[in-house]
Amino acid sequence: MQKIYEELAWRGLIHQCTDDEFIPQWLNEGCRTVYVGFDPTADSLHVGSLMPLLYLRRFQKAGHRPIALVGGATGMIGDPSGKSQERNLLSVEQLEANVQGIRSQMQSILDFDCGESSAVLLNNFDWMKSFSYLDFLRDIGKNFPVNVMMTKDSVKGRLERTDAGLSYTEFSYMLLQAYDFVHLYDQYDCHLQVGGSDQWGNITAGIDLGRRMYSAQLYGITCPLLTKSDGSKMGKTESGTIWLSADRTSPYDFYQYWYNVADDDAGKCLRFLTDLNREEIQALDSSRESEPQKRESQTRLAEELTMLVHGSAGLDAAKRAKEVLFGAEINDLSDNDLAQIFADVPSCSFNRDVLGGDGLSLSDAMVDAGLAKSKSEARRTLKQGGAYINNQRVTDLDRMLSESDLASETTIVLRSGKKKYALLRFQ
RNA sequence: GGGGGGUUUCCCGAGCGGUCAAAGGGGUCAGACUGUAAAUCUGAUGGCAGUGCCUUCGCAGGUUCGAAUCCUGCACCCCCCA
């Protein structure tokens, strides 16, 4: 058994713990079952769920059994923790689709077939769907004093707001999560629940319920939330959420996100999200201190995480795209290479004939490709030196495109500004 | 019900008969610098067949050689007195 608790502690992954005397030794004694809940609000996990997922992974690597609980039932209700407003409810069909998507993503991070510590994936909808309202009130609700519920931060915070209410539905959320914990204790011998620091109230509610219903002693650990040094959430950019699904966020964008993490956040990310050991991380810390421009931390972070989430093929593609996108002139590449590198770049097609004769005007092409909203805008960009053909700057306002501009068999790569690309295909 | 103020280009906000595609700021977009960072600096910012033409200043009319600017009506907003 690896000393998992000590490992979590030096990484800074322990925010609160219901019993920091007992839990470390209890974990060292044998294979324990630990669970984390995931919200099925979308059909893909995002960077925000990466941390709890990796938490489970650490437990698994230390010889414990992780349970990933997808909240098909709780997702129908909505957790008021950390939310300032009443949530919109998801439809049953939508939830089912989301659960499917999440399931497949988890398989690359957790091992579902390794003996006694094999990961288990459960959906609480399976045991909640047939639980009748009356039975639930009698068996579960009876154990929850309302005055205690009212003191939970998640509830208190919402009641204090004058601009947002709290429905009875959301108020009841903690009963469901508490019952999940007890159910897992009962069915899977799970004694430990882990969650983000905003889950403390829900976790302790489960522990209380376990004591009342089964006289069981359950435990909880919370981890810090992954936030940036400016206080904002990790995993969001101007253009949206960074997802784990390659369909929603390309491996290249995923890689770039981590590569661009601020120096102040890099140390935390390395500790929280990678398996690098203490010495390696400290070496990166000092590298960041003495030669920040080398960005060894960010490079390592991006490589580790892209590898983990998208595999070696995804990492290779991301690195290749990086070289081209930030590199020199593009030429002597095949259509195939370009299609891969610029997988999620907009493109537009033309008849090859337009390249003959006088050719196609660059400013028109920029408009067609969506790099400029109007021809005036295209000319403006051109005039200011922000237009590139195959990564070579062009300043001639009347530049025409011809066959000789093709970077591959049928494609010309246009760029506006630093990173806005578009492909022109000539069939 | 009485009195007053407002509606401007993506946003805020000047303009109050021609020199107004309309000051200034924000935002955005380019460029320089740089570590694919932050900050900073520079430029651009209605459209088009680009020294010119066309469409914009709540909406519809009118006065005038000429209106975002004046008049009339309409719509919406705000404020003060009842």
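Okay, aromatic pairs: in this predicted model, the count comes to 13 of them. Take Phe-131 and Tyr-179. Their ring centres are 5.4 Å apart and the planes sit at 75°, so we call that pair edge-to-face. Where are the two residues? Phe-131 is in the loop between α6 (125–128) and α7 (133–139), while Tyr-179 belongs to helix α11 (residues 173–188), so the pair ties together parts that are 48 residues apart in sequence. Tyr-179 has 14% relative accessibility, and under 20% is buried, so it counts as buried.

Then there's Tyr-257 with Trp-258. Here the centres are 5.1 Å apart with the planes at 85°, so that pair is edge-to-face too. Buried or exposed? Tyr-257 is buried at a relative accessible area of 10%, and Trp-258 is buried at 0%.

You also get a cluster, with ring pairs linking Phe-22, Trp-26 and Tyr-219.

The charged end of Arg-248 sits over the Trp-243 ring, 4.3 Å from its centre. Lys-322 has its charged end over the ring of Tyr-259, 4.3 Å from that centre.

Okay, on to the sheet. It's an open one, six strands, mixed pairing, and the order goes β1-β6-β5-β2-β3-β4. The edges are β1 (16–17) and β4 (120–123); each has a single partner strand, so one side of each has no neighbour in the sheet. β1 runs antiparallel to β6 (residues 219–223), joined by two bridges, and Gln-16 has Thr-222 as its bridge partner in β6. Packing on the sheet is helix α12 (residues 200–214), which touches β1, β5 (190–196) and β6, with its direction at about 175° to that of β6.

Key:
Residues numbered from 1 in each chain as written. Chains lettered and ligands numbered in written order. Predicted model: local features only at pLDDT ≥ 70, side-chain atom pairs only at ≥ 80, totals over all residues. Heavy atoms only, no water. Pairing = 2+ DSSP bridges. Helix = DSSP H or I, 4+ residues; strand = E, 2+ residues; numbered from the N terminus. Contact = heavy atoms within 4.5 Å. Axes fitted to C-alpha atoms, helices over the stretch in contact; angles between N-to-C directions. Phe/Tyr/Trp six-rings, centres within 6.5 Å; stacked < 30°, edge-to-face > 60°. Buried < 20%, exposed > 50% of the residue type's maximum accessible area, 1.4 Å probe, protein only. Lys NZ or Arg CZ within 6 Å of the ring centre and 35° of its normal.
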